[in-house]
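Here are my notes on this one, as promised. Have the model open while you read, since I go from helix packing to pockets to the database record.

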Amino acid sequence: MSAGTFTPRPGAAPVSRMILAQTALETRMLLRNGEQLLLTVIIPALLLVLFSSVDIIETGAGASVDFLAPGVLALAVLSTAFTGQAIATGFDRRYGVLKRLGASPLPRWALMAAKTLSVLVTEVLQVALLTAIALALGWSPQGDPFSVAVLLLLGTAAFSGLGLLMAGTLKAELTLAAANLVFLLLLVGGGVIVPLEKFPDAVRSVLELLPVSALSDGLRAVLQHGAAMPWGDAAVLAVWAVLGLGAAARWFRWE
């Protein structure tokens with residue numbers, strides 16, 4: 001045995017390894033949180049099953065599930081990237097977790113990257129589960145999977161930026177209340193369950209500019225009608241992503 005075989009090698013791990021480890025930790029914490037599971041999995045699944053099985057809302061020609069499935073996928077992205085992330089990050093900030101992690105070898109940008117990757121992992125699980133439920137209910141998706149993936153990524157970026165902005169500027173209790181209130185308002189007025197055509201023209205023109213409306217309409221155009229990439233909806237999501245992430249980077253407070 002040569003000398004120095006067991007010589008310690010002090011120093012931080014590679015940033016990529018730290019990001020993956022933090023991503024795994026963030027994902028496990030989310031999946032173990034009953035409230036988060038209710039918000040990200042159970043509520044979207046129940047809404048999909050209920051409104052697809054019971055004729056409560058007029059969704060136009062075709063099966064209800066063909067209209068509802070894209071909207072519920074958009075709701076899943078909203079619940080994870082915005083509501084769930086805002087609440088979790090807000091309380092991490094309140095209890096000093098972000099401050100302690102910021103003093104660790106893990107760079108702050110890497111911590112945000114790990115949180116974003118955790119959101120993406122959760123969304124993959126959500127999309128797989130909701131797709132399976134929708135297919136069991138008779139859903140017949142159309143369109144290009146690449147366009148769907150681009151829309152989901154743009155929606156994730158938009159909602160993540162807004163969620164981090166809220167978590168980094170408001171107190172944790174206020175973030176909890178505001179994030180849940182926004183979730184409920186967008187559930188009703190974001191074209192997820194209720195078609196935007198049901199609203200007056202003046203109100204509808206405003207609602208169409210919301211990120212959840214753009215994501216719902218874009219996914220519906222592709223998955224229900226087999227359309228090509230809806231560039232208008234993609235542009236709305238891209239603008240929200242730039243504004244949200246830029247504002248979060250500018251005003252996010254770690255303490």
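This is a predicted model: local features need pLDDT of at least 70, side-chain atom pairs count only at pLDDT 80 or more; totals for chains, interfaces and linings use all residues.

1. Let's start with a helix pair. On the α3 side, the residues that meet α7 are Leu 75, Leu 78, Ser 79, Phe 82, Thr 83, Ala 86, Ile 87, Gly 90, Phe 91 and Arg 94. Their counterparts in α7 are Ala 172, Glu 173, Thr 175, Leu 176, Ala 179, Asn 180, Val 182, Phe 183, Leu 186 and Leu 187. Sorted by class, this contact has 13 nonpolar, five polar and two charged residues.

2. The axes of α3 and α7 come within 8 Å and cross at roughly 170°. An angle over 145 degrees counts as roughly antiparallel, and therefore α3 and α7 are roughly antiparallel to each other.

3. If you want a site to look at, the largest pocket has a volume of about 490 Å³. It is lined by 24 residues, and the closest to its centre are Asn 33, Gln 36, Gly 84, Ile 87 and Ala 88. Ile 87 is also one of the α3 residues that meet α7.

4. Which elements give two or more residues to that lining? They are α1 (15-32), α2 (34-53), α3 (64-94), α5 (108-136) and α7 (172-189). The most comes from α3, with eight residues.

5. Of its 13 lining residues, Phe 67, Pro 195, Leu 196, Glu 197 and Arg 220 lie nearest the centre. Last, the record. An unreviewed UniProt entry lists residues 37-57, 69-91, 117-140, 146-167, 174-196 and 234-252 under "transmembrane region". In the model, residues 37-57 are 81% helix and 0% strand, and the end C-alpha atoms lie 26 Å apart. For residues 117-140, the chain is 83% helix and 0% strand, with end C-alpha atoms 29 Å apart.

Note on methods. Residues are numbered from 1 along each chain as its sequence is written. Side-chain values use heavy atoms; hydrogens and water are left out. On a 1 Å grid over the protein atoms alone, a cavity is a set of points where a 1.4 Å probe fits but cannot get out, and a pocket is an open set with protein on both sides within 12 Å along at least five of seven lines; lining residues have an atom within 4 Å of a point. Grid points are joined across faces, edges and corners, and a volume is the space filled by probe spheres set on the points. Helices (H or I, at least four residues) and strands (E, at least two) are DSSP runs, numbered from the N terminus. UniProt positions are given in the numbering used here, feature names are shortened, and annotations may be inferred rather than shown by experiment. Axes are lines fitted to C-alpha atoms, for helices over the stretch in contact, and angles run from 0 to 180 degrees between N-to-C directions. Angles under 35 degrees count as roughly parallel, over 145 as roughly antiparallel, 65 to 115 as roughly perpendicular and the rest as oblique. Contact means heavy atoms within 4.5 Å. Ala, Val, Leu, Ile, Met, Phe, Trp, Tyr, Cys and Pro count as nonpolar, Asp, Glu, Lys and Arg as charged, and the others, Gly among them, as polar.
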